[in-house]
Amino acid sequence: MRQQRALIATLTATVTALALAACGSAEDDTASEAGSGLGLVDDGVLTVATEGTYRPFTFHDASGELVGYDVEVAEAVADELGLEIEFAETQWDAIFAGLDAGRFDTIANQVSINPEREAQYKFSTPYTVSRGVVVVAQGDDSVSSFADLDGKTAAQSLTSNWRELAEESGATVEPIEGWAQAVALLEQGRVDSTINDSLTVLDYLKENPDAPIKVAAETEETSESAFVVTPERAALAEAITGALETLAADGTLTELSEKYFGDDVSQ
């Protein structure tokens with residue numbers, strides 16, 4: 001009797017082990033099939049480079065978790081493609097070198113599409129669209145276009161392309177180090193305006209809804225940000241585009257935009 005029980009127990013354990021192995025193998029096969037033909041660094045895993053220090057796009061919250069608009073968009077894309085996701089936090093100065101070296105599959109870090117990059121890389125459809133905006137004090141109605149900056153002062157970083165736009169518009173530039181200093185001078189009434197990216201301004205107003213500033217004008221030209229891959233991973237760019245189109249259609253991108261910016265910045 002004991003031998004029969006032992007034999008039954010052994011057979012049961014063996015069958016269970018085989019079933020678990022088969023289940024794990026099926027899951028591995030499914031993950032592998034999901035990324036088939038995409039040239040991923042690791043089968044079944046979308047490896048995404050991001051800075052992790054660029055609020056509100058990619059940063060660490062109070063608990064230390066990696067969060068942000070770009071992070072959640074990347075997670076939604078991976079989920080749509082049936083892939084696991086792994087983030088590789090990388091300094092901006094080294095991020096394209098890492099992509100070229102094949103250390104990760106793509107970058108989610110507000111990579112803007114421009115002719116120079118298009119000549120070297122493949123892009124997905126954009127998931128962020130922004131404009132340059134003129135910001136003035138809440139009660140200032142004298143500025144409604146870039147032309148109205150003629151003769152006014154604008155707080156701008158000397159290394160920013162917004163400085164050039166301010167000067168082209170006839171403004172006298174007050175040199176500053178960045179947005180925080182620019183908005184402080186504006187709120188104190190020490191300058192008339194500042195020009196910056198609309199996403200920066202939306203983020204600030206979401207965090208500071210009572211700030212005494214407003215957007216007075218915006219550029220017609222837009223800046224578009226997307227996932228970027230090396231040329232040999234063109235199929236991955238196409239797959240990401242398909243996922244983004246689905247996420248746009250079902251409202252996911254709008255929801256994430258409003259979560260981080262209080263407005264839809266995905267189109």
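## Basis of the model

The structure is a predicted model, in which local features need pLDDT of at least 70, side-chain atom pairs count only at pLDDT 80 or more, and totals for chains, interfaces and linings use all residues. Residues are numbered from 1 along each chain as its sequence is written, and side-chain values use heavy atoms, with hydrogens and water left out.

## Overall architecture

The chain contains 9 helices and 12 strands. These elements are DSSP runs numbered from the N terminus: helices are H or I runs of at least four residues, and strands are E runs of at least two. Of the 267 residues in the chain, 44% are buried. Here buried means under 20% relative accessible area, exposed means over 50%, and partly exposed lies in between, with a 1.4 Å probe and protein chains only.

The accessible surface of the chain is about 13,900 Å², and carbon and sulfur atoms account for 47% of this surface. Such areas come from the Shrake-Rupley method with a 1.4 Å probe; for residues, only the protein chains shown count as cover. Among contacts (heavy atoms within 4.5 Å) with a separation of 6 or more, 68% join residues 24 or more positions apart.

## Salt bridges

The structure holds 6 salt bridges, each defined as a side-chain nitrogen of Lys or Arg within 4 Å of a carboxyl oxygen of Asp or Glu. One of them joins glutamate 207 and arginine 55, at 3.2 Å from N to O. Glutamate 207 belongs to helix 7 (residues 198–207) and arginine 55 to the loop between strand 1 (45–50) and strand 2 (59–60), so this pair ties together parts 152 residues apart in sequence. Glutamate 207 is partly exposed at 44% relative accessible area, and arginine 55 is partly exposed at 45%.

Another salt bridge is formed by glutamate 72 and lysine 259, whose closest N and O atoms are 2.5 Å apart. This pair links helix 2, which holds glutamate 72, to helix 9, which holds lysine 259, across 187 residues. Glutamate 218 and arginine 131 also meet in a salt bridge, at 3.9 Å from N to O. Glutamate 218 lies in strand 11 (residues 213–225) and arginine 131 in strand 7 (residues 128–137), so the pair connects parts 87 residues apart in sequence.

## Backbone features and a buried threonine

The peptide bond from arginine 55 to proline 56 is cis, with omega near 0°. Proline 56 is located in the loop between strand 1 and strand 2. Glutamine 110 has a positive phi of about 50°, although it is not a glycine. This glutamine 110 sits in the loop between strand 5 (106–107) and helix 4 (115–118) and is buried at 12% relative accessibility.

Threonine 230 is found in the loop between strand 12 (228–229) and helix 8 (234–249). Its relative accessibility is 4%, so threonine 230 counts as buried. Leaving aside residues up to four places away in sequence, threonine 230 touches Leu99, Asp100, Tyr121 and Lys122.

## A negative surface patch

Asp79, Glu80, Asp250, Glu255, Glu258 and Asp263 form a negative surface patch. Helix 2 (69–81) and helix 9 (252–261) are the elements that give two or more residues to the patch. Patch residues have over 30% relative accessible area and no salt bridge, with like charges joined within 9 Å. Aspartate 263 lies in the segment after helix 9 and is partly exposed, with a relative accessible area of 40%.

Terms used. Patch = residues over 30% accessible without salt bridge, like charges linked within 9 Å, V, L, I, M, F, W, Y side chains within 5 Å. Lys, Arg positive; Asp, Glu negative; His and termini not counted. Charge placed at Lys NZ, Arg CZ, Asp CG, Glu CD.
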